[in-house]
Amino acid sequence: MAERPPLLEVLDLAVHFPIRKGLLRRRVGTVRAVDGVSLRLDAGETLALVGESGCGKTTTGKALLKLIPPSGGAIRFEGADITDLDQRRMVALRPRMQIVFQDPFASLNPRQTVGAILAAPFVIHGIGARSDRARRVGRLLRMVGLPAESAARYPHEFSGGQRQRIGIARALALEPSLIVGDEPVSALDVSIQAQIVNLMKRLQAELGLAYLFISHNLGVVAHISDRVAVMYLGQIVEQGTREEIFFDARHPYTQALLAAVPEPVPGRRRAGAPLGGDVPSPADPPPGCRFHPRCPRAIAICRAEAPEPRQLSATHAAACHLVVP
């Protein structure tokens, strides 16, 4: 039997932004925000994309949804190459690919009622009669744990966690198969974060959703992810299952990220040392391995040659000269 193709496949994705200066706006450089990212996401699973702020996680998520045009590489969704589709041709795919934004207040129109916000996807895509949309909105609200009567209220009348539930309801409106969560719980209190993560897991089990979960919070990632991709300065440095990344991390950057997570057992220390130094500019990335200026194990080859990913198991790979399969 032939292997089932992934829901989403990203090959060597690049997103570069020009740097322009002067009155004539001449191009003087390039910001390599995403530079050769390859990812695979199967139906119904959660792939977490983690890394420090500014490493290109959000840009990657927006590019694979074609909210930002890619500069290179290929994007395949549900078996079709969507890399070169323009915005007009992407309209037919939008119901299948949705996003939940980081800020649950800024992403909701304060001048519209919740009912109008949740009905907007149906209006835009011409789904259902006007009399049917109120029923659909009520169903969405109940799915995310809010009463149907919430439709008559405005976003400012809700707490942050409730607003994020509304954002999730909007993403579910058109019955997508893929949802990109762009730091969907980072703006919430810790107790509310757990509620939203549990809600997302329940909806995934009920609806068969696939998540690309973008986060810098490894505690949340450990709870929600099936697989994890670690990103540094526009590139993926390690990928593996949740267990492989959290219990057998091999790249020095991944080990440093894990070492920075607070240890729940007092006095017990994690392997690896927390990161030092500053993240280099994506407009002027260092030669060789991009992590070498901050890596305590760097040797001469790290400064001269960019490492290729080394396969450590069928599901685990790390881009490091010092990793031994």
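Guide: First, a term: buried means under 20% relative accessible area, exposed over 50%, and partly exposed in between, with a 1.4 Å probe and protein chains only. This is a predicted model, where local features need pLDDT of at least 70, side-chain atom pairs count only at pLDDT 80 or more, and totals for chains, interfaces and linings use all residues. Residues are numbered from 1 along each chain as its sequence is written, and side-chain values use heavy atoms, with hydrogens and water left out.

Visitor: Is Cys-289 buried or exposed?
Guide: Take its relative accessible area, which is 13%. The cut-off for buried is under 20%. Therefore Cys-289 counts as buried.

Visitor: How many disulfides does the structure hold?
Guide: A disulfide is a pair of cysteine sulfur atoms within 2.5 Å. For Cys-289, the nearest cysteine sulfur is that of Cys-302, 6.0 Å away. The sulfur of Cys-320, a residue buried at 6% relative accessible area, is 6.1 Å from the closest one, also in Cys-302, so that is too far for a bond. The disulfide count for the structure is 0.

Visitor: How are α5 and α6 oriented to each other?
Guide: Helices are DSSP runs (H or I, at least four residues), strands likewise (E, at least two), numbered from the N terminus. Axes are lines fitted to C-alpha atoms, for helices over the stretch in contact, and angles run from 0 to 180 degrees between N-to-C directions. Helix α5 (residues 160-172) packs on α6 (residues 190-207) at about 20°, with axes 10 Å apart. Angles under 35 degrees count as roughly parallel, over 145 as roughly antiparallel, 65 to 115 as roughly perpendicular and the rest as oblique, so α5 to α6 is roughly parallel.

Visitor: What is the angle between α3 and α5, and which residues of α5 make the contact?
Guide: Helix α3 (residues 114-124) packs on α5 at about 25°, with axes 8 Å apart. Contact means heavy atoms within 4.5 Å. On the α3 side it is made by Val-114, Ile-117, Leu-118 and Pro-121. From α5 come Ile-166, Ala-169 and Arg-170.

Visitor: How many residues of α9 are buried?
Guide: Helix α9 spans residues 252-259 and is mostly covered. Its cover includes α7 (218-224), β9 (227-232), β10 (235-241) and α8 (242-247). Among the buried residues are Pro-252, Tyr-253 and Leu-257.
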